[in-house]
Amino acid sequence: MVERVLENSLPKKVLIFAWRWFHDALPTYVWLQKRKVVDHTNCPICGFSVDSNSRVVFLFRGFKKIWKELRVTLLNNLSMDIPFKQIVLKASEILSRYDYELFVVTAWYIWGERNQIVHGRKAIPSDVVVSQIFKLFNEYSQCQDIILWQRGRHAYLQNDGLSHLWEHIN
């Protein structure tokens, strides 16, 4: 999973999130309790369920709607019994590169939404969140297309002995 995420072209903040997410290093209440920062693992939003990586990103009632609207069927019958890493690894195996990158961006966006709610902002409707996720993901994809085109153009100019032109293009 880590290799597949790191080999893609997502923004660094998303890649850092993905690494921390996969290694259970997000500051959920489970993580904070392990470090003796808090004395419980209750969700700061509802106060009842365990605030773990799986629940925050996949199982929280407001965020389950987002995954459903994105039609991520991998998560349809998910329970707390399935280890978090197993979910992420399975996603990396069965999803196309595009869908996996969208999966990671969605998880990152949901984490950000969760933090906004924890710090007092009202929840945004899931359809609005989904449209914002697609907007961001499309912007990332367009930027990546430009970068790949520029790299390809640079390689072409270098191969033709015209690398000095690259300086004028950039």
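**Notebook: salt bridges, cysteines and core**

I looked up Arg121 first: with a relative accessibility of 28%, Arg121 counts as partly exposed. My cut-offs, with a 1.4 Å probe and protein chains only, are under 20% relative accessible area for buried, over 50% for exposed, and partly exposed in between.

Ground rules: I am working on a predicted model, where local features need pLDDT of at least 70 and side-chain atom pairs count only at pLDDT 80 or more, while totals for chains, interfaces and linings use all residues. I number residues from 1 along each chain as its sequence is written, and my side-chain values use heavy atoms, leaving out hydrogens and water.

**Salt bridges**

I found three salt bridges in the structure, taking one as a side-chain nitrogen of Lys or Arg within 4 Å of a carboxyl oxygen of Asp or Glu. Arg121 pairs with Glu113, with 2.3 Å between the closest N and O atoms. I have Glu113 down as buried, at 5% relative accessibility.

Next I checked Asp51 and Arg114, whose side chains form a salt bridge at 2.5 Å, N to O. Asp51 sits in the loop between helix H3 (29-34) and helix H4 (53-59) and Arg114 in helix H7 (residues 97-118), so this bridge ties together parts 63 residues apart in sequence. Both Asp51 and Arg114 are buried. For the helix labels I use DSSP runs (H or I, at least four residues), numbered from the N terminus.

Then I looked at Arg97 and Glu101, which meet at 3.2 Å, N to O. They are four residues apart in H7, about one helical turn. Arg97 is partly exposed at 44%, whereas Glu101 is buried at 9%.

**Cysteines**

I searched the whole structure for disulfides (cysteine sulfur pairs within 2.5 Å) and got zero. Cys43 is in none, with the nearest cysteine sulfur, that of Cys46, 3.9 Å away. For Cys46 the closest cysteine sulfur is in Cys43, and I note that 3.9 Å is too far for a bond. Cys43 is buried, at 4% relative accessibility.

**Core**

I took a nonpolar core as buried Ala, Val, Leu, Ile, Met, Phe, Trp, Tyr and Cys residues joined through side-chain atoms within 4.5 Å. The largest one has 42 residues, and Trp21, Phe58, Ile66, Trp67, Phe103 and Val105 touch the most other members. At least two residues each come from helix H2 (12-22), H4, helix H5 (61-69), helix H6 (84-94), H7 and helix H8 (126-159). H7 gives the largest share, 11 residues.

Last, I listed the contacts (heavy atoms within 4.5 Å) of Phe103. Leaving aside residues up to four places away in sequence, Phe103 touches Trp21, Phe58, Trp67, Val72, Leu74, Leu75, Ala91 and Leu95.
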